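Here's a quick briefing for anyone opening this structure for the first time. Have a look at the fold, then read on.

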Amino acid sequence: MGLDLRKLLVDNNFKFDKKLAYGIYRDRMISFLEKSSSMIVTINFSNQLSRENGQKISSKMSELKEKHRALQNALTTNLSVELKLYKSADIYIEVVEILDDVLNVLDQYHPSHIENCPLCGQVMPSNSPFVRVRDSVLQAHGTCIEQMIAASNQMGNELLFKFDKKSFYKSFLIAILCMIGTIGIVCLASFYKLFSIVSVLSGWGTLIVYRMILNRVRIPWKKHQLVLITVVSFVTLVASLYLGSVIEIYKIVGEVTLGEVFLRYIEILANSMDGYTKPLIVETALGLLFLGSSLFIHYKQMNMSKNLIKKL
C-alpha cells in the first residue's frame with residue numbers, strides 16, 4: 001500500500017489479516033481490501049441505519065462519484081457503506097480523500113456509535129475482539145462473535161452436508177451421462193488419431209461439464225455431489241485411456257481385429273514400451289494432473305465456503 005494510506009493505517013493502529021487491513025478511524029470500524037484492479041473499503045455501522053437517512057446518504061454518494069473518478073461504486077445498506085475504488089496510479093492518495101468525504105457525509109446523517117456492539121446493540125468495551133465476515137471486519141462482544149460463528153458453521157454444514165435424495169439421484173444420473181458422453185467422444189476421436197489430446201482432458205472435462213449442468217438445472221453443489229463426481233471423473237479418465245488406447249493400437253497396427261487388441265492388450269503394451277506404453281504413461285500422468293488440480297481447487301473452495309466468518 002502507498003505511503004499516504006500506510007500512514008493512516010499506522011497512525012490508527014490498523015491490523016492485517018492477509019490482504020485485509022482493519023481498524024478504527026474517526027470512531028468507525030473500517031476495512032481495506034486490495035484486489036487485482038480495485039480496492040474495497042467497507043465502513044460498518046454499530047447500529048442500523050434508518051431508511052430515510054440511508055436514502056440521503058445514497059444521494060450524497062452519487063455526488064461523490066461525480067467528484068472522485070476513482071470511486072466506481074458506493075453501496076449503502078442499513079449495516080454498512082461499501083466503496084469500490086479503481087486502482088489508478090494515485091489510488092493511495094485518493095482513497096484517503098474519498099474516505100474522508102464519505103465519513104463527513106456519514107457524520108452528518110448517521111453519527112458513529114463505536115461504543116455499541118453491532119450484534120446486540122449493548123455497550124461494548126474498547127478492547128472487544130474483531131471478527132472477519134467475508135471481506136469486512138466487525139468489532140463486537142466475544143460472546144456475540146462466538147454465537148455468530150456457531151450459527152454460521154451450523155448453517156454451512158446444513159447447506160454442504162444435508163443429504164437430499166431427489167437432487168442426489170438427479171446429479172447421479174447427470175454424472176453417469178457425462179461419463180458415457182465423454183468416453184464416447186474419446187473413443188470416436190481415437191478413430192481419427194486424436195486419442196492423446198482428448199483422453200488427457202477426459203476426467204477434467206467430465207468435472208467441468210457436470211458442474212455446468214448442475215448450475216443450469218439449479219441442483220445445489222454439496223459435498224455429496226463433489227465426492228460423486230470425483231469418483232466418476234477418475235473412472236471416466238481410466239476408461240477413456242483404456243478404450244481409447246485400444247482403438248488407437250487397432251488403427252495403428254492394422255493387422256489385428258479390435259477384439260484381438262482387447263484380448264492381447266497387456267501383451268501388446270509389454271512388448272512395445274516405446275511405441276505404446278511410455279506415451280500411455282505420460283498421458284495418464286497428465287490426465288491425473290489436470291483432474292487432480294481441478295478437484296483440489298473445488299475442495300478448497302468448498303472448505304473456504306464454510307469459513308466465511310472467523311475471529312481475528
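Helices (H or I, at least four residues) and strands (E, at least two) are DSSP runs here, numbered from the N terminus. Thr230, for one, is found in helix H8. What you're looking at is a predicted model, where local features need pLDDT of at least 70, side-chain atom pairs count only at pLDDT 80 or more, and totals for chains, interfaces and linings use all residues. Residues are numbered from 1 along each chain as its sequence is written, and side-chain values use heavy atoms, with hydrogens and water left out.

**The sheet**

- Two strands pair if DSSP finds at least two bridges between them.
- Start with the open sheet: its 6 strands run in the order S1-S2-S3-S4-S6-S5, with antiparallel pairing.
- At the edges sit strand S1 (15–17) and strand S5 (71–76), each pairing on one side only.
- Neighbouring strands of this sheet are turned by 20° against each other on average, direction ignored. For such angles, axes are lines fitted to C-alpha atoms (for helices over the stretch in contact), and angles run from 0 to 180 degrees between N-to-C directions.
- Inside the sheet, strand S3 (residues 28–34) and strand S4 (residues 38–44) pair in the antiparallel sense over 6 bridges. Met29 stands opposite Asn44 in S4.
- Helix H2 (residues 51–67) packs on the sheet and touches S5 and strand S6 (80–86). The direction of H2 makes about 180° with that of S5. Contact means heavy atoms within 4.5 Å.

- Strand S7 (residues 130–133) and strand S8 (residues 136–139) are antiparallel partners over 4 bridges.
- Val133 has Ser136 in S8 as its bridge partner.
- S7 and S8 make a hairpin with 2 residues between them, and Arg134 in the turn has a positive phi of about 55°.

**Aromatic pairs**

- How many aromatic pairs does the structure hold? There are 2 aromatic pairs. Rings of Phe, Tyr and Trp (its six-membered ring) pair if their centres lie within 6.5 Å; planes under 30 degrees apart count as stacked, over 60 as edge-to-face and the rest as tilted.
- Phe14 and Phe32 have ring centres 5.8 Å apart and planes at 50°, so this pair is tilted.
- Phe14 lies in the loop between helix H1 (3–11) and S1, while Phe32 is in strand S3, so the pair ties together parts that are 18 residues apart in sequence.
- Phe14 is buried at a relative accessible area of 9%, and Phe32 is buried too, at 1%. Buried means under 20% relative accessible area, exposed over 50%, and partly exposed in between (1.4 Å probe, protein chains only).
- Tyr242 and Phe262 have ring centres 6.0 Å apart and planes at 65°, so that pair is edge-to-face.
- The Tyr242–Phe262 pair links distant parts of the chain, with Tyr242 in helix H8 (residues 223–253) and Phe262 in helix H9 (residues 258–263), 20 residues apart.
- Tyr242 counts as partly exposed at 32% relative accessibility, and Phe262 is partly exposed at 35%.

**Back to Thr230**

- Is Thr230 buried or exposed? Thr230 is buried, with a relative accessible area of 14%.
- Leaving out residues up to four places away in sequence, Thr230 touches Leu295 and Tyr299.

**Salt bridges**

- Side chains of opposite charge can pair when their charged atoms come close.
- The structure holds 7 salt bridges, each being a side-chain nitrogen of Lys or Arg within 4 Å of a carboxyl oxygen of Asp or Glu.
- Glu52 bridges to Lys56, with the closest N and O atoms 3.5 Å apart. Both are in helix H2, 4 residues apart, or about one helical turn. Glu52 is exposed at 52% relative accessibility, whereas Lys56 is partly exposed at 35%.
- Glu63 and Lys60 meet in another salt bridge (4.0 Å, N to O), and both lie in H2, 3 residues apart, about one turn of the helix.
- Lys67 and Asp101 meet at 3.0 Å, N to O. This pair links distant parts of the chain: Lys67 is in H2 and Asp101 in helix H3 (residues 91–109), 34 residues apart.
- Lys67 is exposed, with a relative accessible area of 55%, but Asp101 is buried at 18%.
- Arg26, Arg28, Asp100 and Asp107 are linked in a network of salt bridges.
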